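Trainee: I have a new structure to read. Please show me how to go about it.

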Amino acid sequence: MERVPVLDEPLKKLLGAATAKVMDEHLGLRTVGDLLHHYPRRYEERGQLTALSELPLDEDVTVVAQVADARVHTFNGGRGQRLEITITDGSGRLQLVFFGRGIHKPHKELLPGSRAMFAGKVSVFNRRLQLAHPTYAKLGADSGEDEVDSWAGALIPIYPACKGLESWKIAKAVDAVLPSAQDAADPLPPALREGRGLTGLPDALRKIHRPATKADVAAARERLKWDEAFVLQVALARRRHADTQLPAVPRRPAADGLLTAFDAKLPFTLTEGQQKVSAEIFHDLSTEHPMHRLLQGEVGSGKTLVALRAMLAVVDAGGQAAMLAPTEVLAQQHHRSVVEMMGELAEGGMLGGSEHATKVVLLTGSMGAAARRQALLDLVTGEAGIVIGTHALIEDKVQFHDLGLVVVDEQHRFGVEQRDALRGRAKQPPHLLVMTATPIPRTVAMTVFGDLETSVLDQLPAGRSPIASHVVPAADKPHFLARAWERVREEVENGHQAYVVCPRIGDDEDDTAKGAQKKSPEDEAEKRPPLAVVEIAEQLRTGPLAGLKVEILHGRMAPDGPGGKDDVMRRFAAGDIDVLVATTVIEVGVNVPNATAIVIMDADRFGVSQLHQLRGRVGRGSAPGLCLLVTEMSEASPARQRLTAVASTLDGFELSRIDLEQRREGDVLGQAQSGVRSSLRVLSVLEDEEVIAAAREEAAAVVASDPDLTRLPELRTALDALLDKEREEYLEKG
């Protein structure tokens with residue numbers, strides 16, 4: 001992390017051009033500092049000494065023995081050389097073999113009669129046991145047991161390696177640069193370091209690369225975790241601090257304006273959670289600095305209603321609000337539900353509209369030219385108080401009269417650049433509310449969305465029904481699948497509707513739906529392509545669901561017109577379709593309270609949080625929901641265990657934890673922020689919750705007292721190193 005001159009030395013100066021080139025191209029290591037921060041992945045112990053008479057095949061052993069004889073053989077017409085050394089310890093004999101240029105050093109050093117310790121993997125050649133290219137340490141005639149024990153007990157660092165650069169070569173390169181560690185500038189303020197009993201950075205770097213004991217490794221890791229957590233949290237704290245310095249127009253709702261009229265016509269009372277979160281949002285909106293808030297809510301916890309009330313408050317105060325959705329289906333769905341919830345309050349400028357009413361416009365990429373022109377006009381004149389749309393909202397042609405609030409739905413689908421482009425549409429920075437229905441464990445939220453304040457909705461509104469989830473093992477128990485289709489029929493006969501979700505569309509192109517995961521080894525093993533909407537719909541129409549109205553919905557259908565996405569969604573919402581066979585386009589935001597059953601085909605091909613999202617499409621009305629996870633995976637497979645976990649709990653936070661433990665957490669950080677993962681080498685966002693939380697507090701205190709870090713030049717240097725261009729942009733735009 002530190003970039004002081006010595007650590008900035010290019011590796012090619014110290015290591016030679018060939019090695020430096022491989023390190024640069026394959027491991028991204030260019031400077032001495034980069035290599036010092038390339039930590040061992042684990043440590044091998046040379047281990048207990050083994051007698052030569054008891055050598056186990058294919059295992060790493062350490063032996064102490066005397067050299068009996070040494071011979072060099074040539075082969076390939078004299079072009080190749082092989083050194084064979086026989087060693088003995090009194091209990092047996094063993095052959096060591098060295099090849100090529102690797103023979104010169106041992107040939108000089110391992111003379112008959114000399115004693116040494118040898119470590120390597122036991123293999124067989126010509127029916128004889130041997131060690132090929134073992135590591136060794138010579139022992140003097142008077143070396144005692146202590147010396148032998150300390151060599152045998154030493155920890156051998158194993159580095160993340162690559163083609164052309166084995167771990168031991170990296171270890172050799174580290175030896176060459178390790179003396180430079182003493183010049184590493186320490187980013188942690190001395191008071192923090194002493195207060196928490198952390199070792200200095202030079203010492204930590206030496207101990208992580210060349211530990212004498214396991215305690216050395218633990219002390220070094222503890223210290224280096226703090227570096228990573230603290231520097232990242234300082235970056236986020238400075239971002240938050242800078243945001244508090246930005247100007248924004250305070251948006252306070254009128255005493256009895258649009259929001260009051262809307263609340264008066266709600267047919268239910270807000271949950272305690274909704275009231276609490278709304279209060280937090282209204283407080284932020286009334287300040288002279290932009291709100292930056294993340295709203296996390298369980299599937300169906302009523303986030304959209306909370307966001308709509310925030311938008312109405314801004315319209316009340318004379319501003320406009322924009323809601324950004326990741327897909328057209330979702331934008332149309334949001335538009336429909338907002339207009340329905342608002343009723344005559346959404347009919348601004350129309351006959352029959354309420355006196356407080358405003359216009360709610362939709363803006364998507366596939367709209368007709370005339371409708372689009374009208375929507376753009378309504379935005380620039382301020383006629384439309386609320387606009388709901390997709391990425392089309394971000395285009396240069398879109399101008400607002402006075403943009404006061406941006407609501408971004410489903411953050412994990414949305415790039416920072418898009419958020420930023422929309423904020424750039426306003427005269428002054430607008431307030432920002434980011435909604436996600438994928439619960440994020442607290443530490444991940446602190447690391448990924450550390451520049452946003454967080455609100456959590458964890459209560460389900462009254463009237464929501466429980467959802468029963470079951471795994472349907474189609475391969476082991478085919479009659480379970482037959483029963484699943486009977487259950488769908490029963491739901492329809494009781495006046496309800498159902499979804500069937502498949503990972504693929506299945507028209508001419510081979511098109512795994514974007515939502516489904518990349519092929520897992522389990523998929524590869526079974527070679528069957530994922531089930532497809534088009535085929536499954538046909539099988540259901542002619543087979544188990546014959547006589548029911550079965551239709552399809554996927555992302556490549558035309559948005560408008562008869563048979564288009566919006567048409568199908570509207571007819572499903574109206575109850576004209578019994579069973580909708582779809583891809584994951586229904587994953588978020590689709591709200592049809594009469595749909596009570598969802599059957600997810602090839603459920604093992606979806607991620608945990610995605611399954612949780614899909615399951616949230618049912619149980620939205622007064623009738624209980626049913627979610628059937630169909631899989632052909634065997635009971636012992638990890639995929640099946642993942643499905644059992646999803647079926648066993650409705651708690652999204654618990655599931656997101658399971659999800660994180662199963663995937664590498666790099667995926668989580670990677671999809672939400674560019675580049676920052678590369679700065680986390682020893683810190684685990686799941687296991688190091690205490691370090692992250694403590695680092696956040698310490699960082700906030702440091703930034704509050706010295707926002708420009710003028711008194712902490714080493715921290716400033718570390719920060720500059722962390723915030724290379726890409727990450728700087730992420731933090732700037734967050």
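Mentor: First, the ground rules. This is a predicted model, where local features need pLDDT of at least 70 and side-chain atom pairs count only at pLDDT 80 or more, while totals for chains, interfaces and linings use all residues. Residues are numbered from 1 along each chain as its sequence is written, and side-chain values use heavy atoms, with hydrogens and water left out.

Trainee: How many helices and strands does the protein have?

Mentor: Helices (H or I, at least four residues) and strands (E, at least two) are DSSP runs, numbered from the N terminus. Here the protein has 27 helices and 21 strands.

Trainee: How do I read a sheet? What is the order of the seven strands in the open sheet?

Mentor: Strands of a sheet pair through backbone hydrogen bonds, either parallel or antiparallel. Two strands count as paired if DSSP finds at least two bridges between them. In this open sheet the order is β11-β12-β10-β13-β14-β9-β15, and the pairing is parallel. β11 (359–363) and β15 (453–457) are the edges; each has a single partner strand, so one side of each lacks a neighbour in the sheet. On average, neighbouring strands are turned by 20° against each other, direction ignored.

Trainee: Which bridge partners can I look up?

Mentor: Start with β13 (residues 403–409) and β14 (residues 431–436), joined by five bridges. Asp409 has Met435 in β14 as its bridge partner. Five bridges also join β11 to β12. There, Leu363 is partnered by Gly389 of β12. β10 and β12 pair over four bridges, and Ala322 stands opposite Val387 in β12.

Trainee: Is β12 enclosed or open to the outside?

Mentor: Buried means under 20% relative accessible area, exposed over 50%, and partly exposed in between (1.4 Å probe, protein chains only). Six of the six residues of β12 are buried, so the strand is largely enclosed by the rest of the structure. Across the protein, buried residues make up 53% of the 734 residues.

Trainee: How should I read charged pairs?

Mentor: Side chains of opposite charge can pair when their charged atoms come close. A salt bridge is a side-chain nitrogen of Lys or Arg within 4 Å of a carboxyl oxygen of Asp or Glu. By this rule there are 31 salt bridges. In one of them, Asp186 meets Arg223, with the closest N and O atoms 2.6 Å apart. Asp186 lies in the loop between α6 (167–177) and α7 (190–195), and Arg223 in helix α9, so the pair ties together parts that are 37 residues apart in sequence. Both residues, Asp186 and Arg223, are buried.

Trainee: Which other salt bridge does Arg223 form?

Mentor: Arg223 also pairs with Asp227, at 2.5 Å from N to O. Those two lie in helix α9, four residues apart, about one turn of the helix. Asp227 is buried too.

Trainee: What about Asp216: buried or exposed?

Mentor: Asp216, found in helix α9 (residues 214–245), is buried yet has no salt bridge. The nearest side chain of opposite charge, Lys207, is 4.2 Å away. The side chain of Asp216 does reach the backbone nitrogen of Ala212 at 2.9 Å.

Trainee: Where do salt bridges share partners?

Mentor: Glu490 forms a salt bridge with Arg483, the closest N and O atoms being 2.9 Å apart. Glu490 is partly exposed at 29% relative accessibility, and Arg483 is partly exposed at 36%. Shared partners join Arg483, Glu486, Arg487, Glu490 and Glu491 into one network.

Note on methods
Axes are lines fitted to C-alpha atoms, for helices over the stretch in contact, and angles run from 0 to 180 degrees between N-to-C directions. Lys and Arg count as positive and Asp and Glu as negative; His and the chain ends are not counted. A polar contact is a pair of N or O atoms within 3.5 Å; within protein, one must be able to donate a hydrogen and the other to accept it, and residues adjacent in sequence count only if both atoms are side-chain atoms.
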